[in-house]
Amino acid sequence: MSTALRSLLDLLDLERIEQDIFRGRSRSAVVPRVFGGQVAAQAMVAAGRTVPADRHAHSLHAYFLRPGDPGAPIVYTVDRIRDGRSFTTRRVVAVQHGQPVFHLSASFQTYEEGLDHQVPMPPAPDPETLPTSAERLRGYGHLAPEVVERLLETREAVDLRYVGEPPYGDYGTPREPHSQVWFRAKGKLDGDVDTPLLHVVLATYVSDMTLLDSVLLAHGRGGWAVGDVVGASLDHAMWFHRPFRADEWLLYDQVSPSASGGRGLGQARIHTQDGRLAVTVIQEGVVRVPREPREH
């Protein structure tokens, strides 16, 4: 396991300070607020620690309420909404400075046999043939060096490889609102940390990194890295269909069906490398064009 992955797992580990109350810490993100994927992942850790081990996450629905302060701890309070025969429901509120910054509802289910079908996996190249984040980012002479380093820092625990050019790599001309990314944790998860919940938590963390890319592609925008849009996640939903491992390659296939009213919608499916549909993701975010172009 890489040092960066161990550091990420330590970040996602929460301190229990009371029955159903947990405390997490943050680290700097690429923008001056807590990374949304971190808050969502920590909230899933909090919810999962109040659920029996034989019940696995099958969905989450979340709202980002306020920008998180990376310099302050986050307190997660879990409400045990329901403990049924097959399903368990938890509600988590993340609080900073006395105000809620994030709200999540998650549902867990015992294993059960049932009907089974899925859409086919879309075509995509072998991830091993694609450039790494470092190789791709350091080839962009138009990006400020500090922007490149901040992006690489956020991805140091994750091997994330774009199939095509990311929005900030080739912008100015609208493209098809479709983006593909392969990702996996940088290192093998084994021992005590190798739990179904952790794989869900890591996928939740990564899922917030690139989902609105397809919105930017549709309008030829490069995003915060080049200063031609400002934005933030508004809500996030995930459905976990089949078991998967976050330390093995996962294809994140993303598309934007709509943008309007200063908001953009991203929809995505996550497939395992052997073609199983593992996760469906939907997110809406604020996507605004600034009145004055920002200087780097």
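Reader: Where is Arg242 found?

Author: This is a predicted model, and in it Arg242 sits in the loop between β9 (230-240) and β10 (250-260).

Reader: What makes Arg242 buried or exposed?

Author: Compare its value with the cut-off. Buried means under 20% relative accessible area. Arg242 has 16%, so it counts as buried.

Reader: What does the side chain of Arg242 make a polar contact with, and why is it called that?

Author: The partner is the side chain of Asp116, at 2.7 Å. A polar contact needs a pair of N or O atoms within 3.5 Å, one able to donate a hydrogen and the other to accept it, so 2.7 Å falls inside the limit. The Arg242 side chain also reaches the backbone oxygen of Leu277, at 3.0 Å.

Reader: Which residues does Arg242 touch, leaving out those up to four places away in sequence?

Author: Asp116, His117, Gln118, Arg276, Leu277 and Ala278. So Asp116 and Leu277 turn up here again, as residues that Arg242 touches.

Reader: Which other residue has a positive phi although it is not a glycine?

Author: His97, at about 50°. You'll find His97 in the loop between β5 (87-96) and β6 (99-110).

Reader: Are Asp20 and His97 buried or exposed, and how do you know?

Author: Asp20 has 10% relative accessibility, under the 20% limit, so Asp20 is buried. His97 has 61%, and exposed means over 50%, so His97 is exposed.

Reader: Now helix α4. Which of its residues are buried, and how do you know that they line one face?

Author: In α4 (residues 145-154), the buried ones are Val147, Val148, Leu151 and Leu152. Looking down the axis of α4, they fall within an arc of 130°, so they line one face of the helix. Part of what covers the buried residues of α4 is α3 (133-137).

Reader: How many aromatic pairs are there, and what makes Phe35 and Tyr205 one of them?

Author: The count is six. The ring centres of Phe35 and Tyr205 are 5.2 Å apart, inside the 6.5 Å limit, and their planes sit at 85°, over 60, so the pair is edge-to-face. Phe35 is in the loop between β2 and α2 (36-48) and Tyr205 is in helix α5 (residues 196-210), so the pair ties together parts 170 residues apart in sequence. Both Phe35 and Tyr205 are buried.

Reader: Why is the pair of Tyr140 and Tyr168 called edge-to-face?

Author: Their centres are 6.2 Å apart and their planes at 80°, over the 60-degree cut-off, so that name applies. Tyr140 is in the loop between α3 and α4, and Tyr168 is in the loop between β7 (158-162) and β8 (178-185), 28 residues apart. Tyr140 is at 10% relative accessible area and Tyr168 at 7%, so each is buried, being under 20%. Ring pairs also link Tyr140, Tyr162 and Tyr168 into a cluster.

Reader: Which residues of the largest nonpolar core touch the most other members?

Author: Met44, Tyr76, Phe102, Leu104 and Tyr168, out of 72 residues. Leaving aside neighbours within four places in sequence, Leu104 has contacts that include Ala40, Met44, Leu60 and Val92.

How values were computed: Residues numbered from 1 in each chain as written. Predicted model: local features only at pLDDT ≥ 70, side-chain atom pairs only at ≥ 80, totals over all residues. Heavy atoms only, no water. Buried < 20%, exposed > 50% of the residue type's maximum accessible area, 1.4 Å probe, protein only. Helix = DSSP H or I, 4+ residues; strand = E, 2+ residues; numbered from the N terminus. Arc of directions from axis to C-beta. Contact = heavy atoms within 4.5 Å. Core = buried A, V, L, I, M, F, W, Y, C linked by side-chain atoms within 4.5 Å. Phe/Tyr/Trp six-rings, centres within 6.5 Å; stacked < 30°, edge-to-face > 60°.
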